[in-house]
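A short report follows the model.

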Amino acid sequence: MRSCKLPSGAEMPVLGLGTWRMGETGRRRAEELDALKYGLDLGYPMIDTAEMYGEGGAEEIVGDALAGRSIRPFIVSKVYPHNASRAGTIAACERSLKRMRLDRIDLYLLHWRGGAPIEETFEAFYKLRNAGKIGDFGVSNFDLDDMEDAAGLDKGLTGTNQVLYCLSRRGPEFDLLPWMRKRSIPLMAYSPLDQGELLRKAPLRKIADEVGCTPAQLALAWLFAQPGVVTIPKSSTRERVKENFAALDVKLPPKILADLDRAFPPPRTKQPLEML
């Protein structure tokens with residue numbers, strides 16, 4: 001499995017299983033758990049979750065999916081902004097660990113910037129790392145000005161920035177992504193299929209036919225072709241989980257990448273960071 005390096009030197013896989021909106025209703029729990037287990041059986045090396053997802057329900061499903069496995073994937077979770085005080089971050093991490101039945105989270109993120117001073121959040125991250133409760137830490141939904149603020153506090157150890165990024169939402173390419181690349185901070189792209197909207201775009205479907213893959217695989221393969229970018233598509237069905245995994249085998253020649261640039265042009269001016 002391909003990976004990219006975090007500033008700490010640790011390796012993070014380029015593909016993971018997303019869990020946003022899992023754990024929100026008991027009616028879908030069996031389906032969601034089956035999708036995660038199936039993904040891990042296929043070889044997905046990473047799971048992304050958060051205490052926000054299903055108010056802890058997604059983390060509980062992750063714990064069930066991990067139970068009894070000899071090989072543990074790379075685990076990413078996130079703390080709510082309203083829990084991100086010095087003491088609150090530590091307590092939230094402990095709750096996440098308990099729900100997933102883990103001793104350590106590989107990458108722990110501030111979900112977005114809120115009222116708690118990020119100085120306190122980062123102090124808590126350091127304490128958690130020193131205690132072995134987390135491996136690396138990072139942020140989510142931070143635009144360039146937020147990243148510049150964080151850079152003065154984290155001693156160059158911010159592991160990643162998880163943001164909305166896909167072919168149809170390329171705003172981060174103007175200034176955020178170049179800034180992160182200069183500092184070897186990977187960008188973690190969430191909603192890589194734009195919640196399914198991207199798959200309905202006629203140009204994507206046309207180019208996918210030319211490549212010989214599905215539109216979803218093309219959209220994911222484009223992200224894999226971007227240096228320093230990883231992604232975490234979420235699906236609750238085996239069919240889609242398998243389809244997404246196969247995107248790792250899709251190679252995009254320069255002509256196809258140029259065609260995608262014409263169909264989904266990169267930004268020419270600064271754009272506010274989008275969030276879902």
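With which residue does Arg-113 form a salt bridge, the closest N and O atoms being 2.9 Å apart? The partner is Asp-149. This is a predicted model. The pair links distant parts of the chain: Arg-113 sits in the loop between E6 and H4, Asp-149 in helix H5, 36 residues apart.

Arg-113 also meets the side chain of Asp-146 in a salt bridge. Asp-146 lies in helix H5 (residues 144–151), so this pair ties together parts that are 33 residues apart in sequence. Asp-146 is buried, at 16% relative accessible area. Arg-113 counts as partly exposed at 33%, and Asp-149 as partly exposed at 40%.

Helix H10 (residues 254–263) holds both Asp-259 and Arg-262, three residues apart, about one turn of the helix. Asp-259 is buried at 14% relative accessibility, whereas Arg-262 is exposed at 60%. Shared partners join Glu-210, Lys-255, Asp-259 and Arg-262 into one network of salt bridges. The structure holds 25 salt bridges.

| Salt bridge | N to O distance |
|---|---|
| Asp-146 and Arg-113 | 3.0 Å |
| Arg-113 and Asp-149 | 2.9 Å |
| Asp-259 and Arg-262 | 2.3 Å |

Now the spaces. A search of the whole structure finds one cavity of 30 Å³ or more. The largest cavity has a volume of about 80 Å³. Its lining includes Asp-143, Arg-169, Lys-270 and Glu-274. Five lining residues are nonpolar, two polar and five charged.

The largest pocket has a volume of about 660 Å³. It is lined by 32 residues, with Trp-20, Arg-21, Ser-191, Gln-195 and Lys-234 nearest its centre. That lining divides into 12 nonpolar, 13 polar and seven charged residues.

Note on methods. Residues are numbered from 1 along each chain as its sequence is written. This is a predicted model: local features need pLDDT of at least 70, side-chain atom pairs count only at pLDDT 80 or more; totals for chains, interfaces and linings use all residues. Side-chain values use heavy atoms; hydrogens and water are left out. On a 1 Å grid over the protein atoms alone, a cavity is a set of points where a 1.4 Å probe fits but cannot get out, and a pocket is an open set with protein on both sides within 12 Å along at least five of seven lines; lining residues have an atom within 4 Å of a point. Grid points are joined across faces, edges and corners, and a volume is the space filled by probe spheres set on the points. Ala, Val, Leu, Ile, Met, Phe, Trp, Tyr, Cys and Pro count as nonpolar, Asp, Glu, Lys and Arg as charged, and the others, Gly among them, as polar. A salt bridge is a side-chain nitrogen of Lys or Arg within 4 Å of a carboxyl oxygen of Asp or Glu. Helices (H or I, at least four residues) and strands (E, at least two) are DSSP runs, numbered from the N terminus. Buried means under 20% relative accessible area, exposed over 50%, partly exposed in between (1.4 Å probe, protein chains only).
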